[in-house]
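Hi everyone, thanks for coming. Let me put the sequence and the model up on the screen, and then we can walk through it together.

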There are 2 protein chains.
Amino acid sequence: MSEQHPTSPHRRPFMAGVTEPKLHHPAPGAPPPPLPGPENPVLELDQEECWDLLIGTMLGRLAVSVRDRPELYPVNFLAHDRRLLIRTAQGTKLAAATVNSSVALEADGRSLHSLWSVVVKGTARILQTQAELAAAEALPLHPWTATTKTTYVEIVPTGIRGRRIALAEGFRLER
Amino acid sequence: MSEQHPTSPHRRPFMAGVTEPKLHHPAPGAPPPPLPGPENPVLELDQEECWDLLIGTMLGRLAVSVRDRPELYPVNFLAHDRRLLIRTAQGTKLAAATVNSSVALEADGRSLHSLWSVVVKGTARILQTQAELAAAEALPLHPWTATTKTTYVEIVPTGIRGRRIALAEGFRLER
């Protein structure tokens with residue numbers, strides 16, 4: 001688990017960062033990222049790659065610990081300025097569980113021959129001030145369901161880890 | 001969270017159940033399952049539907065609590081006889097964390113206009129006896145990577161909950 005650099009320019013509050021999420025673009029002419037293969041089936045991803053993958057993904061699973069037992073929820077999230085923003089309904093178990101709490105969020109994706117997975121660990125808090133809420137509203141985190149979702153939870157990461165895993169020959173993720 | 005029925009015929013050890021996983025087939029002429037929509041965007045799934053979805057899925061995320069902090073791992077699993085079987089590498093953090101421990105496993109899937117998510121809570125243990133291991137080896141839980149994976153973790157559920165969620169109009173899960 002890598003720790004975020006303490007002097008990262010990304011440690012700004014959401015209200016200071018009302019911009020579209022940006023992908024990290026490698027320098028022109030840079031070699032393409034290595035792919036895992038039979039000889040080296042698990043490839044650790046660096047932080048830039050992890051964030052790029054999170055920025056391109058909206059479905060994650062949030063784990064919290066309640067009295068030393070895990071709870072797990074699917075969430076839609078936005079990766080932005082090296083933080084995560086989740087939109088949830090007021091008064092839900094999720095909202096209650098994430099108050100000042102250690103959380104882990106996983107997102108993954110697949111291609112024909114490989115799978116990636118990124119896990120962020122961090123601390124969650126519910127956005128409270130009008131300024132924070134206005135900044136969150138301005139971000140492109142759209143509700144994914146028709147249900148009313150008016151609580152924003154922000155996750156400040158303490159660590160991020162990602163892997164790309166080569167799938168075994170002939171393996172299919174669905175039957 | 002629904003509890004498994006205490007007299008369920010599925011409460012057999014793995015070694016007694018070396019058969020292919022079977023989908024629950026509704027009676028001929030039965031109405032198709034209702035779909036969520038704008039008026040009722042979140043549909044609770046019954047246990048049969050939850051197990052059918054898990055049987056058709058091989059990628060899940062396992063949450064465990066370690067000193068009251070969540071850990072989260074992508075896993076490939078097999079739903080079989082109302083239990084879950086996970087194959088993992090010996091000596092991993094995952095294997096250590098799941099010993100006699102409360103766990104939650106989530107799997108999800110999507111169609112164009114909706115998303116389903118099933119969360120199983122239960123107790124994990126590493127299969128130990130030769131008979132259990134032979135039974136597990138006979139099940140169609142193939143390793144998904146070329147890495148050596150020789151530890152089997154069985155999850156006996158204490159509860160299962162699933163939902164189908166209508167996606168908001170125009171919502172895309174990936175950018």
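Let's begin with a question: is A:Glu106 buried or exposed? A:Glu106 is buried, with a relative accessible area of 0%. By buried I mean under 20% relative accessible area, with exposed over 50% and partly exposed in between, using a 1.4 Å probe and protein chains only.

Before going on, some housekeeping: this is a predicted model, so local features need pLDDT of at least 70 and side-chain atom pairs count only at pLDDT 80 or more, while totals for chains, interfaces and linings use all residues. Residues are numbered from 1 along each chain as its sequence is written, chains are lettered from A and ligands numbered from 1 in the order in which they are written, and side-chain values use heavy atoms, with hydrogens and water left out.

Back to our glutamate. A:Glu106 meets A:Arg61 in a salt bridge at 3.2 Å, N to O; the rule asks for a side-chain nitrogen of Lys or Arg within 4 Å of a carboxyl oxygen of Asp or Glu. This pair links distant parts of the chain, with A:Arg61 in strand β2 of chain A and A:Glu106 in strand β5 of chain A, 45 residues apart. Helices (H or I, at least four residues) and strands (E, at least two) are DSSP runs, numbered from the N terminus. A:Arg61 counts as buried too, at 1% relative accessibility.

Now look across to the other chain. A:Arg61 also forms a salt bridge with B:Glu106, the closest N and O atoms being 3.5 Å apart. B:Glu106 lies in strand β5 of chain B and A:Arg61 in strand β2 of chain A, so this pair joins two chains. Salt bridges that share partners bring A:Arg61, A:Glu106, A:Asp108, B:Arg61, B:Glu106 and B:Asp108 into one network.

How many salt bridges does the rule find across the interface of chain A and chain B? There are six. One that I like is A:Lys121 with B:Glu71, where the closest N and O atoms are 2.8 Å apart. The elements giving two or more residues to the side of chain A that touches chain B are β2 (59-66), β3 (69-80), β5 (101-110), β6 (114-126) and β7 (151-166) of chain A.

As for the extent of the interface, 50 residues of chain A are in contact (heavy atoms within 4.5 Å) with 51 residues of chain B. The area buried between the two chains is about 4000 Å², with carbon and sulfur atoms giving 64%; that is the accessible area (1.4 Å probe) that two parts lose on being put together, summed over both.

What about symmetry? A rotation of 180° with 0.0 Å of shift along its axis superposes chain A on chain B, at RMSD 0.0 Å. That is the relation of a two-fold axis. In chain A, the C-alpha nearest the axis belongs to A:Asp68, 2.1 Å from it. Also, 100% of the interface residues of chain A are interface residues in chain B, so the copies meet through the same surface.

One last pair, within chain A: A:Glu44 and A:Arg161 meet in a salt bridge at 2.9 Å, N to O. A:Glu44 lies in strand β1 (residues 42-45) and A:Arg161 in strand β7 of chain A, so the pair ties together parts that are 117 residues apart in sequence. A:Glu44 is partly exposed at 44% relative accessible area, and A:Arg161 is partly exposed at 31%.

Terms used
Least-squares fit on C-alpha atoms with pLDDT ≥ 70 in both.
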